[in-house]
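Dear colleague,

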Amino acid sequence: MSINNVPVQLTISALQKGYRSGRFTLSEVISVIVERSKRDENKAVWILPPSLERLQPYLERLQQLDPQQFPLWGIPFAVKDNIEVAGWPVTAGCPDYAYVPDKHAVVIERLVAAGAIPVGKANLDQFATGLVGARSPYGATHNALRPELISGGSSSGSAVAVALGQAAFSLGTDTAGSGRVPAALNGLVGYKPAVGAWPSAGVIPACRSLDCVTVFAHSIEDAEAVDRQVRGHLPSDPYSADRPLGRAADPQVWLIPSAPLEFFGPYAAAYQQAWELAKQKLLNSGLNVQETDISLLQEAAAQLYEGPWVAERWADLADFIESHPGTALPVTESILRSGEKAEFTAASLFRSQHRIAGISSLVHELLKGAVLVLPTAGGTWTRGQVMADPVVTNSKMGLYTNHCNLLDLSAVSVPAGEAEEKLPFGITLFTVPEEEANLGAAARLFLSQSDNITVAVCGLHMRGMPLERQMLSLGAEFMEVAQTAPSYQLYRLPTTPPKPGLIRVPQDGASIELELWRMPAASFGKCTAMIPAPLGIGKVELSDGRLISGFLCEAYAAEQAEDITASGGWRAAVTASNARVLC
């Protein structure tokens, strides 16, 4: 046995297999975690780092337990430092706020009862106020893959601890996206249950009525394993709710935004391309993908920090801030004090609550039997950019997350490839709490999809045509000949050389022959960039009902073009034209 046998990436299944086989011991795993935390101490991951001395009581207890009887026996996890662990200082990212609780938060109590072992208290944006991971007097947590970039917040240290192999999973909290944004920025799964599904007793509140405890892990299976231990109503917690998971089912509908999305920061273009690839992955999956207007979500999101809800943060922390002047970071205190604005009256809060209730009702109806897919974040920043403009950069990070808890939705952020090398991109799946079990099924469906995209071509890119070599150069492979649904017209465009234009029409359409090619997802962006107007890529409906990405033409081009729909396809039209020339 050797500490060298401990895997770099710690997962529940890998650790359990290692323990059973004798490849390594729990003590060796903890020793490795302590060494890794020392190796990375300049990354500001921990407030209370792993320590062999501090963890010895947990190790001694576990040695007395039968691993077969405890589902998380020996599984090390990190704890965001706004969650109480008995006998360990809790700071919420503010040294003067620190105190030592005499009992665990309920989520910790349940995990320890299942055999899991807390290893340390992770760094966070002070008082869980931020989405960047740079608002801490203990240092700005570095991104696990690119240290010059932000880690995401407020659960910054929690995510990075898992990404750097210093925990198998970690607990964070989420009010506006803190359990999801750091997951996306560090290549992890970030699971946010319905509000109240996991008790929040023993958690320092940000917005008490909206806060959720969350989990970061390397897989949806590990996140679900944690959920099984901590979910459940706690009668003594007024914000706890009985929200058991139902039977999991595949979503009937996958919703994506109908309007273009906003991307930001130095990698905006790369993030946009990653989002387009994720969408194409869904559109080519054979799933029932539909577009929807998300403007109501954006309206709700604005209420969280631009409306009277910010007063809830101030309600919990006003006494401390007032009695400890200068203790909080200036940006944190400024945000907290925004909750005491004169315009945030009781009447304004009721108006906001009424509007949120109306939006929530509409959104819950929309999401029955469905999942909504959004980017987890529309971009990222360097830590220097956040320090230079801490408010605007932070607000951008919540663009696609802030609405979630206000509207009482469940969510999971999952990896969706890379925007660039070592620049993870993530998507979030949202649904209603009654169908939260479907998130696991949906995540597995998405993650199991091939990294290839099926593309429908109807003209010069087909086999034997002048641009076939372009398809081959992009690594594409011919799959099959197919037919469109009988809803299209085909035109010969007056270009040199002539090329076809496939246009969807409301009536008088026909089935048009085309070819399906399989293309690496990484090549798809290059392919679309080569397409000249009036052609573009859109969704082509096939005769068997599949929706495939394919070459389409803008309708205006038909005015100067020859209608060749009757030919049934470009290949037949070319053959007929050549025959006329020979005659």
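The notes below concern salt bridges and the places they connect.

This is a predicted model, in which local features need pLDDT of at least 70 and side-chain atom pairs count only at pLDDT 80 or more, while totals for chains, interfaces and linings use all residues. Residues are numbered from 1 along each chain as its sequence is written, and side-chain values use heavy atoms, with hydrogens and water left out.

Searching the whole structure gives 23 salt bridges (a side-chain nitrogen of Lys or Arg within 4 Å of a carboxyl oxygen of Asp or Glu). One of them pairs Arg231 with Glu436, with 2.4 Å between the closest N and O atoms. Because Arg231 sits in the loop between α7 and β7 and Glu436 in the loop between β11 and α16, this pair ties together parts that are 205 residues apart in sequence (helices, H or I, of at least four residues and strands, E, of at least two are DSSP runs, numbered from the N terminus). Arg231 is buried at 15% relative accessibility, and Glu436 is buried at 2% (buried means under 20% relative accessible area, exposed over 50%, and partly exposed in between, with a 1.4 Å probe and protein chains only).

A salt bridge also joins Glu515 and Arg463, at 3.2 Å from N to O. Glu515 belongs to strand β16 and Arg463 to the loop between β12 and α17, so parts that are 52 residues apart in sequence are tied together. Here Glu515 is buried, at 2% relative accessibility, whereas Arg463 is partly exposed at 34%.
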